[in-house]
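User: Hi! I'd like to go through a structure together. Could you walk me through it while I ask questions?

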Amino acid sequence: AAAAAADATARAVPSVEPLLALDFNVFSHTREQLLDYMYAMFVHIDALRRYRIAPETLRAFLRAAASHYVDNPYHNFEHAFDVTQTVFVLLFRYDLARHLQPIDHFAMLVAAVCHDLGHPGKNNAFQVAARTNVARIYNDVSVLENFHASTTFQLLDVPATNLLANLSADEYRMVRKLIIEAILATDMAKHFEITVNFQNRLHNGKPLSPDSLDDRIDIIRVILKAADISNVIKPIDVAVMWTDRVANEFFAQGDFERRHHMTVAPHLDRTKGTHSKVSTGFIAFVARSFFVSVAEFIGDAGAELIENIDALNAHLSERAKLERPQTLEEIAAGTVFTAGGGGAELQRVPPPAAATTDD
């Protein structure tokens, strides 16, 4: 075991240059490569020296976090990596790091790695409606986000994976606060509140300051939130791989709810929507106005975010013309439409096994 740990620690650290690209394709890399890239991001911010973290502890933490992710269509380890890498892009390609302090960079990377730990593939509304254990524990409030944050600190309480072991008491309190604030900000129920607050903050005439903790927390929330829903600001080839996975997971939840006689929200219902319309609706009603503010905050370089989201929306709007919702008979027969399919592209799948509604 000691030899294996020494070998892992001695591994070469890859360059972070590829991680500054908005079109980084997580699906073209192995898990080992992604874990090495995650390690490299922490090295880039000098986290090991600043926070007195042993290399083997960081490696063990990243592996343990990866192992906590479920093999969902969307909320999986690849999504966690994508969010972490997009945080890195926002901090260091678009230079939002200048608005923050080094301890914020560290807390944000930890939060990004862990922001969906143990996600069951069914959303907060489902947890509440199904009266799951996590809904009971967190009193129906930001159920999964509280669960992810709590799981993060359970992982950090294990000596072998404790990145915070050598922090001072003040550093620990700060990092813990920032991680929790960042993860809880990913609750989509808070989306419009965060968006409006940030828009008002941008336009109130007072510059955001890295010396203000309140300002830093506002920025941290926005950065992790932006990274969490960043599929739509990626170039089309990468974006559609993510948007289709979102729809697959949404429709799988809707199918489960229908089988269990639960209310199915329209965006989860494959009898009312299609793969492309899931994302065009999200862009129109949720994402675009938020990213307009993010782009404004970035400055001139942020224009490409809006160019990308508009290009994706146009692409998906065209593709939607080839799609149609499914009938209940098709679903009962175990036939599901693939993205871009409206009868021409069909996939035959076995009826899904019954699953518990509890975590």
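This is a predicted model: local features need pLDDT of at least 70, side-chain atom pairs count only at pLDDT 80 or more; totals for chains, interfaces and linings use all residues.

User: Where do arginine 270 and aspartate 255 lie?

Analyst: Aspartate 255 lies in helix 13, and arginine 270 lies in the loop between helix 13 and helix 14, so the pair ties together parts that are 15 residues apart in sequence.

User: Buried or exposed, those two?

Analyst: Arginine 270 and aspartate 255 are both buried.

User: Which residues do salt bridges with shared partners join into one network?

Analyst: That network is made up of Arg11, Glu32, Asp36, Arg59 and Arg63.

User: And how many salt bridges are there by this rule?

Analyst: The count comes to 23. One of them is between aspartate 104 and arginine 216, with the closest N and O atoms 2.7 Å apart. Aspartate 104 sits in helix 6 and arginine 216 in helix 12, so this pair ties together parts 112 residues apart in sequence.

User: Why do aspartate 104 and arginine 216 count as buried?

Analyst: Buried means under 20% relative accessible area. Aspartate 104 has 0% relative accessibility, so it counts as buried. Arginine 216 counts as buried too, because its value is 5%.

User: What about the salt bridge of arginine 319 and aspartate 244?

Analyst: The side chains of arginine 319 and aspartate 244 meet at 2.7 Å, N to O. Arginine 319 belongs to helix 15 (residues 303-320) and aspartate 244 to helix 13, so parts 75 residues apart in sequence are tied together by the pair. Both arginine 319 and aspartate 244 are buried.

User: Switching to pockets: how much space lies in the largest pocket?

Analyst: The largest pocket holds about 1100 Å³ of space. It is lined by 46 residues, and the closest to its centre are Asn123, Met188, Phe250, His267 and Phe282.

User: Which helices each supply at least two residues of that lining?

Analyst: Helix 7 (124-130), helix 9 (143-156), helix 13 (236-259) and helix 14 (275-298) each do. Helix 14 gives the largest share, with seven residues.

User: And what's the lining like by class?

Analyst: The lining of the largest pocket has 21 nonpolar residues, 16 polar ones and nine charged ones.

User: I've got my eye on lysine 122. Where is it, and what does it touch?

Analyst: Lysine 122 is in the loop between helix 6 and helix 7. Leaving out residues up to four places away in sequence, lysine 122 touches Gln127, Leu144, Gln253 and Phe256. Lysine 122 is buried, with a relative accessible area of 17%.

User: OK, now helix 10. What span does helix 10 reach?

Analyst: Helix 10 covers residues 169-184, which is 16 residues, and reaches 23 Å from its first C-alpha to its last. That is close to the 22 Å expected at 1.5 Å a residue.

Key:
Residues are numbered from 1 along each chain as its sequence is written. Side-chain values use heavy atoms; hydrogens and water are left out. On a 1 Å grid over the protein atoms alone, a cavity is a set of points where a 1.4 Å probe fits but cannot get out, and a pocket is an open set with protein on both sides within 12 Å along at least five of seven lines; lining residues have an atom within 4 Å of a point. Grid points are joined across faces, edges and corners, and a volume is the space filled by probe spheres set on the points. Helices (H or I, at least four residues) and strands (E, at least two) are DSSP runs, numbered from the N terminus. Ala, Val, Leu, Ile, Met, Phe, Trp, Tyr, Cys and Pro count as nonpolar, Asp, Glu, Lys and Arg as charged, and the others, Gly among them, as polar. The expected span of a helix is 1.5 Å times one less than its number of residues. A salt bridge is a side-chain nitrogen of Lys or Arg within 4 Å of a carboxyl oxygen of Asp or Glu. Buried means under 20% relative accessible area, exposed over 50%, partly exposed in between (1.4 Å probe, protein chains only). Contact means heavy atoms within 4.5 Å.
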